[in-house]
Amino acid sequence: MAPPATPYPYRSYVLVSLAQIARNYRQVCSVVGPDVAVLGVVKADAYGHGALAVARTLVAEGTRWLAVSSVDEGVQLRQAGIRSPRILVMGGFLSYEVGALVEHDLTPAVHSLEQVLEMDALASGVTPLRYHLKIDSGMGRLGTRATAAQIAATIGRTRHSQCEGLMTHFASAADYSSPQTGAQLACFEGIRDELARAGIRPPYCHTSSTNAIGYGRKEGWHNLVRAGHALYGYVSPARGEAPPQLLQVAPALTWKAKLVAVKDLPEGALVGYGGTFRTPRPMRIGILGAGYADGIFHRLSNRGKVIAAGRLTSILGTISMDLTTIDLSHTTQLAPGDDVTLLGSEEGASLDAQQIARTAGTISYNILCSISARVRRIYV
Ligand SMILES: *Cc1c(COP(=O)(O)O)cnc(C)c1O
């Protein structure tokens, strides 16, 4: 029996279940308990799910904190009407962005003591500017490497700004074969405690994102956690002897593409650029109206799978910018205009971002964030 014709007239689209994102958010809240606030990370267009729709969903769930990467992402949320929750800008800001931070009530993560002073100078005269100071506790990316004494001296000189949070980011939270997380936490706590002795007690301390939540590193939860990947249904696989994973979350996104052609090839025919696939027997092929410009990794050429007529089937030949060829030898059900599943499940078969990432030699975050802007987002 032919599957029902799709109601969505797009060559490639994603269906995002906002109800599933809400369930995932509630799951994170229930795992961390009532004493820990959950900040919803919606950077990078909510990992491809659509920042505005996800932000609205989380606000309806009662979140008081959202986070984005850049000032620009924060401004877009504010301009679209996201008013009440605080918005943390995690990826740093540049001097020319300070005006927009103030104007749109965005809360920056500050990564250097020079920037603390710069903000304080710029904040004079306006409403007190709150910021979260990020400590580089050993990841070697953003954050200050200053000592607690230097931090305390700097904060002591500020008059118009408030250090509202102290934060750091773990480099290896899912890796139980590495001592890095314990070392980072010890560094962070040492600075936190020394600042407290100097009378500096920021209301929020936060160090954990999805993996530190999922694997129950409770000593890293403090009173706020930053959940991104978990909201979208994923926790990274652990390395080493990890404790049980606590989060029962499920993917919220299904990605489809339409067949634009179906045809039969004889044995020995070449498929796609470079002729990298030759049919070993007569084959039925389907040409999908989506390619690497939509976010299908070029690395999946001759390697990846999709789900067609309820079964996993192979990508054949080289993925093109706008087209991808697949094997349809197993079915006569599909015709041009029918949908194939690139990520999601159909009948018994399923394909999630982690499986695709393994085949493509990358991580699930990268798969989700690569679904391009021309792929329609539909909220269900
Ligand atoms: C992206 C990001 C997060 C969220 O991480 P997930 O693993 O997606 O939960 C948390 N904190 C910082 C600083 C980030 O950049």
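## Around the ligand

A residue is near a molecule when one of its heavy atoms lies within 4 Å of it. By that rule, 13 residues surround the ligand, and the closest are K43, Y47, T210, H229 and Y365. The model is a predicted one, in which local features need pLDDT of at least 70 and side-chain atom pairs count only at pLDDT 80 or more, while totals for chains, interfaces and linings use all residues. Residues are numbered from 1 along each chain as its sequence is written, and side-chain values use heavy atoms, with hydrogens and water left out.

K43 places a polar side-chain atom 2.7 Å from an oxygen atom of the ligand. Y365 also has a polar side-chain atom facing a ligand oxygen, at 2.6 Å.

## Helices α1 and α3

Now for the helices, which are DSSP runs of H or I with at least four residues, numbered from the N terminus. Their axes are lines fitted to C-alpha atoms over the stretch in contact, and angles run from 0 to 180 degrees between N-to-C directions. Helix α1 (residues 18–32) and helix α3 (residues 51–60) have axes that come within 10 Å and cross at roughly 50 degrees. The two are therefore oblique to each other; angles under 35 degrees count as roughly parallel, over 145 as roughly antiparallel, 65 to 115 as roughly perpendicular and the rest as oblique.

Which residues make the contact (heavy atoms within 4.5 Å)? From α1 come L18, I21, A22 and Y25, and from α3 come A53, V54, T57 and L58.

## Helix α7 and its partners

Helix α7 (residues 148–156) packs with helix α6 (residues 113–123) at an angle of about 10 degrees, their axes 10 Å apart. That makes α6 roughly parallel to α7. L113, V116 and L117 of α6 meet Q150, I151 and T154 of α7.

With helix α8 (residues 180–197), the axis of α7 comes within 9 Å and crosses at roughly 45 degrees, so α7 is oblique to α8. Here A148, A149, I151 and A152 of α7 touch I191, E194 and L195 of α8.

Notes: Contact = heavy atoms within 4.5 Å. Polar contact = N/O pair within 3.5 Å; in protein donor to acceptor, adjacent residues only side chain to side chain.
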